[in-house]
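Subject: A structure for you to look through

Hi there,

Here is the structure I promised to pass on to you. Have a look at it first, and then read my notes below.

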Amino acid sequence: MASTPYMDQYLENLKNLPLELERNFTLMRDLDSRTQEKMCNIDKMADDYLSNIKTYSGDTKKEKMTDIQLQFNKAKEYSDDKVQLSIQTYELVDTHIRKLDVELARFEAEIQNRASRTSKNVNESLQKGVAKTSGTSSGGLPQVKIETPSVSAVANPINPTNSVASVVVKTDSVTDVGAGVIQPQVFDMPIDPNEPTYCLCKEVSYGQMIGCDNPDCPIEWFHFPCVKLNTKPKGKWFCPTCMADVKKK
């Protein structure tokens, strides 16, 4: 069977996926190395500060603590960028999986339609042959039955901690040769019940997200639209719940 144009287009788009994944993983590794480097500098600066704290004046102590805090802020910035990049990588693969679901459904429908047309043509040929030889009605002839295989796709391969879900598209044998053209059905990906939820909306991670700077925040991560953000704010950011608690204090 010749490949269909939409499948060729999907396979063409899929060629860039390994390169995009390699680029994202390289960036994540670089961000991780920068974070580790900052943490090592913080350890050295903290050891130096504690060893000489008795000899430092008040201004010197304040200056040293400010330098250490700046190093912590930079390390946190690298970590946040790494989290955002990992989310984008997850969504990149998830988008291709959803596209594959659509193409598999269309391909399945095409197989069914071809099988239906083939069955109809065979039955018409048999009826014409019997009519020529016997002159009797061929309404009692059995229908030709053509079975089409099921098509399956594996979803959500990114998250190794969760069980791998799958989408299976099944078709019955073609028995009604007079049926019309079968329309493709698009099957949405199942949501893994074990996937953690975040934000005020209590949904899974997607798109750009921001972490609350309150270490005791019960939610921690929020979607940009849910907290009315378009870009990452500078400095510390607190979610609406934690901000209300801060104002009360």
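The structure holds 0 disulfides, where a disulfide is a pair of cysteine sulfur atoms within 2.5 Å. Which cysteine sulfur is closest to that of Cys-226? It belongs to Cys-199, and because the two sulfurs are 3.6 Å apart, they are too far from each other for a bond. Cys-226 has a relative accessibility of 30%, so it counts as partly exposed. The scale for this word and its relatives is as follows: buried means under 20% relative accessible area, exposed means over 50%, and partly exposed is in between, with a 1.4 Å probe and protein chains only. Cys-40 is partly exposed too, at 43%.

A word on where this comes from: the model is predicted, so local features need pLDDT of at least 70 and side-chain atom pairs count only at pLDDT 80 or more, while totals for chains, interfaces and linings use all residues. Residues are numbered from 1 along each chain as its sequence is written, and side-chain values use heavy atoms, with hydrogens and water left out.

Cys-199 turns up again beside Ile-219. Ile-219 sits in the loop between β3 and β4; strands (E, at least two residues) and helices (H or I, at least four) are DSSP runs, numbered from the N terminus. Not counting residues up to four places away in sequence, Ile-219 touches Tyr-198, Cys-199 and Leu-200, and a contact means heavy atoms within 4.5 Å. Ile-219 is partly exposed, at 23%. Its C-alpha atom is 8.9 Å from that of Cys-239, which is 20 residues away along the chain.

Now for the rings. A pair of aromatic rings is described by the distance of the centres and the angle of the planes. Rings of Phe, Tyr and Trp (its six-membered ring) pair if their centres lie within 6.5 Å; planes under 30 degrees apart count as stacked, over 60 as edge-to-face and the rest as tilted. The structure holds 2 aromatic pairs. In one, Tyr-49 and Tyr-56 have ring centres 6.2 Å apart and planes at 35°, so the pair is tilted. Tyr-49 is buried at 11%, and Tyr-56 is buried at 16%. Phe-222 and Trp-237 form an edge-to-face pair, with 5.7 Å between the centres and 65° between the planes. Phe-222 lies in strand β4 (residues 221-223) and Trp-237 in the loop between β4 and α4 (240-248), so this pair ties together parts that are 15 residues apart in sequence. Phe-222 is buried at 0%, and Trp-237 is buried at 12%.

Is Asn-24 buried or exposed? At 4% it counts as buried. Beyond its neighbours within four places in sequence, Asn-24 is in contact with Leu-85, Thr-89 and Leu-92.

Finally, the largest pocket has a volume of about 410 Å³. Of the 17 residues that line it, the closest to its centre are Asn-73, Lys-76, Asp-213, Gly-235 and Lys-236. Helix α3 (58-134) and strand β3 (209-211) each supply at least two residues of the lining, and α3 gives the most, with 8 residues. For the terms: on a 1 Å grid over the protein atoms alone, a pocket is an open set of points where a 1.4 Å probe fits, with protein on both sides within 12 Å along at least five of seven lines, and lining residues have an atom within 4 Å of a point. The volume is the space filled by probe spheres set on the points.

Happy exploring!
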